Amino acid sequence: MRMKSSYSKVWEIFIKFFVTSALTLGGGYAMVPVFKKKFSKYIDEEKFSTILSLAQSMPGPIAINIAILIGEELLGIWGIISAVFGVLLPPVWVVVLAGTIVGKYSQVLHPFFSGIYGSILGLVLGVVYSMVKLQKWDILKILILVISVILAYFFKNFTIPIFIFLVWWYYVRGYNRDFRRR
């Protein structure tokens with residue numbers, strides 16, 4: 001059901017998206033049931049399911065996609081503009097505020113970020129360790145690993161082509177091995 005365009009309706013859509021975006025934790029998918037409830041007066045369940053399906057198939061964040069589709073459904077271009085601004089402003093303000101605080105108090109927060117860096121490094125190394133532990137190592141895999149690390153270190157601009165080549169080569173080698181088994 002398309003709403004009649006007026007400043008109050010544009011403002012209403014903006015406020016609904018702004019409040020939802022500001023108060024919902026968990027990202028776009030956490031906002032979906034809130035959007036469904038807030039706009040149930042204007043959009044029936046079947047239409048909302050269609051909007052959700054379209055939003056999931058579109059590239060980009062789901063919250064923005066839903067804002068575009070609901071805004072267009074209700075008020076056309078003015079609905080899109082108000083909904084997108086409503087859903088975008090709270091996270092943008094949070095990022096600007098966080099950046100300002102980090103910039104202003106960077107010396108005070110430096111130990112905190114050093115601790116975060118150490119914990120992230122520990123998490124990544126834990127994942128690498130578990131992957132290495134599960135791997136069935138042979139001399140060829142060790143050789144490929146050593147050569148790739150050396151090439152990536154000395155030829156930083158060619159890291160992606162080297163990776164693609166190694167994946168292709170390993171795939172062809174594995175494919176040929178499987179083919180010979182048949």
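Reply: The following account takes the helix pairs in turn.

The model is predicted, with local features needing pLDDT of at least 70 and side-chain atom pairs counting only at pLDDT 80 or more, while totals for chains, interfaces and linings use all residues. Residues are numbered from 1 along each chain as its sequence is written, and side-chain values use heavy atoms, with hydrogens and water left out.

Two packed helices are described by the angle between their axes and the distance between the axes. Here axes are lines fitted to C-alpha atoms, for helices over the stretch in contact, and angles run from 0 to 180 degrees between N-to-C directions. Helices (H or I, at least four residues) are DSSP runs, numbered from the N terminus.

Helix 1 (residues 7-23) packs with helix 2 (residues 28-38) at an angle of about 150°, their axes being 10 Å apart. That makes helix 1 roughly antiparallel to helix 2, a term for angles over 145 degrees. Their crossing is right-handed, that is, the near helix is turned clockwise from the far one by less than a right angle. From helix 1, Lys 16, Phe 17, Val 19, Thr 20 and Ser 21 meet Met 31, Val 34, Phe 35 and Lys 38 of helix 2, where contact means heavy atoms within 4.5 Å. This contact has five nonpolar, two polar and two charged residues. In these classes, Ala, Val, Leu, Ile, Met, Phe, Trp, Tyr, Cys and Pro count as nonpolar, Asp, Glu, Lys and Arg as charged, and the others, Gly among them, as polar.

Helix 1 also packs with helix 4, at an angle of about 160° and with axes 11 Å apart. Helix 1 and helix 4 are therefore roughly antiparallel, and the crossing is again right-handed. Lys 9, Val 10, Ile 13 and Phe 17 of helix 1 meet Ile 66, Ala 67, Ile 70, Leu 74 and Leu 75 of helix 4. The residues of this contact comprise eight nonpolar, no polar and one charged.

Conventions. Helix = DSSP H or I, 4+ residues; strand = E, 2+ residues; numbered from the N terminus. Parallel < 35°, antiparallel > 145°, perpendicular 65-115°, else oblique.
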